[in-house]
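This report is meant for a reader who is meeting the structure for the first time. Please look over the sequence and the model before reading on.

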Amino acid sequence: MNFKKYLENKKNIIDKTLDEYLPPEEKAPSIIHKAMRYSVFGGGKRIRPIFTLATAELFGREAESVLRAACGIELIHTFSLIHDDLPSIDNDDFRRGKPSNHKVFGEAIALLAGDALLISGFDLIIKNSEVKEIKKQSILKLIKETSFYIGTENMLGGQVEDIAAKNEDITKEDLVNLYMKKTAALICLSIRAGAILSGANQRQLKALTKYGENIGLAFQIIDDMLDIMQDQRDMRKPTYANKYGIKESKSESERLIGEAKDSLRIFNQKADTLKSLADYLLTRKK
């Protein structure tokens with residue numbers, strides 16, 4: 001399999017679905033629909049929804065059977081990015097090389113665009129119930145999972161801890177816990193979504209959750225390294241690479257990717273795509 005083509009094909013399918021679902025820019029109130037589309041189509045690699053599709057394929061499902069749920073998770077991810085960039089939180093003027101949503105549309109519209117994407121994310125997950133082979137009970141379970149993984153015990157709680165964290169006194173354990181909540185949680189949700197909608201058993205879910213946790217931690221550490229290599233790091237923020245350097249960060253991310261792949265042993269060759277995704281994250285340049 002040409003993995004680069006696989007990623008490109010899945011991204012195109014996801015982008016097409018998102019474009020068809022989101023209200024057009026000209027639909028009133030136009031400004032919020034422009035703001036939503038600005039961030040959704042602002043250059044994302046669609047890693048999280050691709051994880052959902054690849055996990056469904058692991059169980060022999062067609063990727064399209066979980067496509068709406070995958071896209072719903074991507075909208076929730078975009079909501080988190082818009083709010084993260086706000087002056088009251090991370091105060092970032094740029095996202096993926098472009099002005100942040102609030103720099104283009106103002107803080108009030110950016111806040112509301114994020115809210116709208118969060119609501120739309122749940123709506124798309126619910127719409128996945130229209131797929132004949134997906135059990136309605138699985139959709140209800142996924143809604144509960146989504147609420148848990150983006151709530152105060154995970155993603156939102158991680159954001160709170162990130163705001164309060166001080167670079168000089170944060171421990172490695174604190175940093176790993178922060179990354180687990182702020183980054184790994186949504187990646188775990190993406191992977192578990194594909195599994196839940198495909199009827200995975202508890203043993204399979206446990207293995208995939210371990211994979212997601214390790215992938216999520218590695219993903220954030222690699223992001224930290226890329227920020228340094230691209231001269232974009234913020235020394236005020238506690239990050240793994242800021243505190244422990246590039247060499248240790250590289251070693252740790254390689255260890256985590258290795259553990260992630262090891263956790264998939266129960267699936268044998270069926271997990272090759274997920275293993276390739278892990279390798280891709282380790283070698284990505286942006």
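Thr 146 counts as buried, because its relative accessibility is 0%, where buried means under 20% relative accessible area, exposed over 50% and partly exposed in between, with a 1.4 Å probe and protein chains only. The residue belongs to helix 7, which covers residues 136–150; helices (H or I, at least four residues) and strands (E, at least two) are DSSP runs, numbered from the N terminus. Not counting residues up to four places away in sequence, Thr 146 touches Ile 76, Phe 122, Ile 125 and Leu 189, and contact here means heavy atoms within 4.5 Å. Between Thr 146 and Ser 190 there are 44 residues of separation in sequence, while their C-alpha atoms are 9.1 Å apart in space.

## Basis of the model

This is a predicted model, in which local features need pLDDT of at least 70 and side-chain atom pairs count only at pLDDT 80 or more, whereas totals for chains, interfaces and linings use all residues. Residues are numbered from 1 along each chain as its sequence is written, and side-chain values use heavy atoms, with hydrogens and water left out.

## Helix 3 against helix 9

Two packed helices are described by the angle between their axes and the distance between the axes. The axes of helix 3 and helix 9 come within 7 Å and cross at roughly 30°, the axes being lines fitted to C-alpha atoms, for helices over the stretch in contact, with angles that run from 0 to 180 degrees between N-to-C directions. Helix 3 is therefore roughly parallel to helix 9, given that angles under 35 degrees count as roughly parallel, over 145 as roughly antiparallel, 65 to 115 as roughly perpendicular and the rest as oblique. The crossing of these two helices is right-handed; a crossing is left-handed if the near helix is turned anticlockwise from the far one by less than a right angle, and right-handed if clockwise.

On the side of helix 3, the contact involves Arg 48, Phe 51, Thr 52, Thr 55 and Ala 56, which meet Leu 186, Ile 187, Ser 190, Ile 191, Ala 193, Gly 194 and Ala 195 in helix 9. These residues divide into 7 nonpolar, 4 polar and 1 charged, where Ala, Val, Leu, Ile, Met, Phe, Trp, Tyr, Cys and Pro count as nonpolar, Asp, Glu, Lys and Arg as charged, and the others, Gly among them, as polar. Thr 55 lies in helix 3, residues 47–58, and is buried, with a relative accessible area of 0%. Leaving aside its neighbours within four places in sequence, Thr 55 is in contact with Ile 191, Gly 194, Ala 195, Leu 208 and Leu 274.

## Helix 8 against helix 9

Helix 8 (residues 155–164) and helix 9 (residues 172–197) have axes that come within 8 Å and cross at roughly 140°, and the two helices are therefore oblique to each other. Their crossing is left-handed. The contact is made by Met 155, Gly 157, Gly 158, Gln 159, Glu 161 and Asp 162 of helix 8, together with Asn 177, Leu 178, Lys 181, Lys 182, Ala 185 and Leu 186 of helix 9, and its residues divide into 4 nonpolar, 4 polar and 4 charged.

Within helix 8, Met 155, Gly 157, Gly 158, Gln 159 and Asp 162 are buried. What covers the buried residues of helix 8 includes helix 4, helix 7 and helix 9.

## Salt bridges

A search of the whole structure finds 19 salt bridges, a salt bridge being a side-chain nitrogen of Lys or Arg within 4 Å of a carboxyl oxygen of Asp or Glu. One of them joins the side chains of Lys 182 and Asp 90 at 3.9 Å, N to O. This pair links distant parts of the chain, 92 residues apart, with Lys 182 in helix 9 and Asp 90 in the loop between helix 4 (67–85) and strand 1 (94–95). Asp 90 counts as buried, at 18% relative accessibility.

Another salt bridge is formed by the side chains of Lys 127 and Asp 123, at 3.9 Å, N to O. Both residues lie in helix 6 (residues 107–127), 4 residues apart, about one turn of the helix. Lys 127 counts as partly exposed at 28% relative accessibility, and Asp 123 also counts as partly exposed, at 29%. Salt bridges that share partners join Lys 11, Asp 15, Arg 46 and Glu 74 into one network.
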